[in-house]
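Reader: I should like to learn how to read the features of a protein model. May we go through one together?

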Amino acid sequence: MRLCICFVLLSVIVCASADNPFARGGRFALDAAGGAWDMLRAYRDMREANYVGADKYFHARGNYDAARRGPGGAWAARVISNARENWQSGVSGRGAEDTRADQEANVWGRNGGDPNRYRPPGLPRKY
């Protein structure tokens with residue numbers, strides 16, 4: 001009986017420490033939620049800064065921060081960026097060139113590129 005209990009406890013410990021799909025799914029969801037928060041923070045900072053020419057920097061920074069969280073964060077950044085650009089290209093009238101430049105900054109940040117590549121001169125260090 002003791003051997004059986006020891007075997008069951010050992011099995012539970014091994015299974016709990018194994019890489020299981022529920023843990024991966026939970027991690028993905030947490031990363032995605034954090035990535036969405038990173039994107040929102042970058043958007044709020046962009047609105048607060050209200051600095052001419054800083055749009056691409058905030059695009060890259062939001063995607064960079066989100067993607068650093070892991071696959072879930074990168075997924076959230078991609079979905080939010082694509083949705084925003086699809087909506088913005090139809091509403092703002094800025095045109096395909098602006099959308100292409102925004103998407104370039106999004107991909108740059110999401111792939112781990114330094115967002116400061118797009119930082120305009122004179123943008124306060126707060127951002």
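**Reading the model**

Author: Let us begin with W75, which is partly exposed, with a relative accessible area of 40%. Here buried means under 20% relative accessible area, exposed over 50%, and partly exposed in between, with a 1.4 Å probe and protein chains only. This is a predicted model, in which local features need pLDDT of at least 70, side-chain atom pairs count only at pLDDT 80 or more, and totals for chains, interfaces and linings use all residues. Residues are numbered from 1 along each chain as its sequence is written, and side-chain values use heavy atoms, with hydrogens and water left out.

Reader: In which helix is the place of W75?

Author: Helices (H or I, at least four residues) and strands (E, at least two) are DSSP runs, numbered from the N terminus. W75 has its place in helix α4, residues 71-91. The protein chain has five helices and zero strands, and its elements run α-α-α-α-α from the N terminus on.

Reader: How does one check the span of helix α2?

Author: The expected span of a helix is 1.5 Å times one less than its number of residues. Helix α2 (residues 21-49) has 29 residues and should span 42 Å; its end C-alpha atoms are 41 Å apart, which agrees. Among the buried residues of α2 are D31, G34, D38 and M46, and what covers the buried residues of α2 includes α3 and α4. After α2 comes N50, whose phi is positive, near 45 degrees.

Reader: Why is α3 described as largely enclosed by the rest of the structure?

Author: Twelve of the 13 residues of α3 are buried, so this helix is largely enclosed by the rest of the structure. The buried residues include K56, F58, H59, R61 and N63. Their cover includes α2, α4 and α5.

Reader: Is N106 buried or exposed, and with which residues is N106 in contact?

Author: N106, in helix α5 (residues 96-110), counts as buried because its relative accessibility is 0%. Contact means heavy atoms within 4.5 Å. Leaving aside its neighbours within four places in sequence, N106 is in contact with H59, N63, S81 and E85. A polar contact is a pair of N or O atoms within 3.5 Å; within protein, one must be able to donate a hydrogen and the other to accept it, and residues adjacent in sequence count only if both atoms are side-chain atoms. One of 2.8 Å joins the side chains of N106 and Q103.

Reader: Where does G53 lie?

Author: G53 lies in the loop between α2 and α3 and counts as exposed, at 53% relative accessibility. Beyond its neighbours within four places in sequence, G53 is in contact with Y118 and P120.
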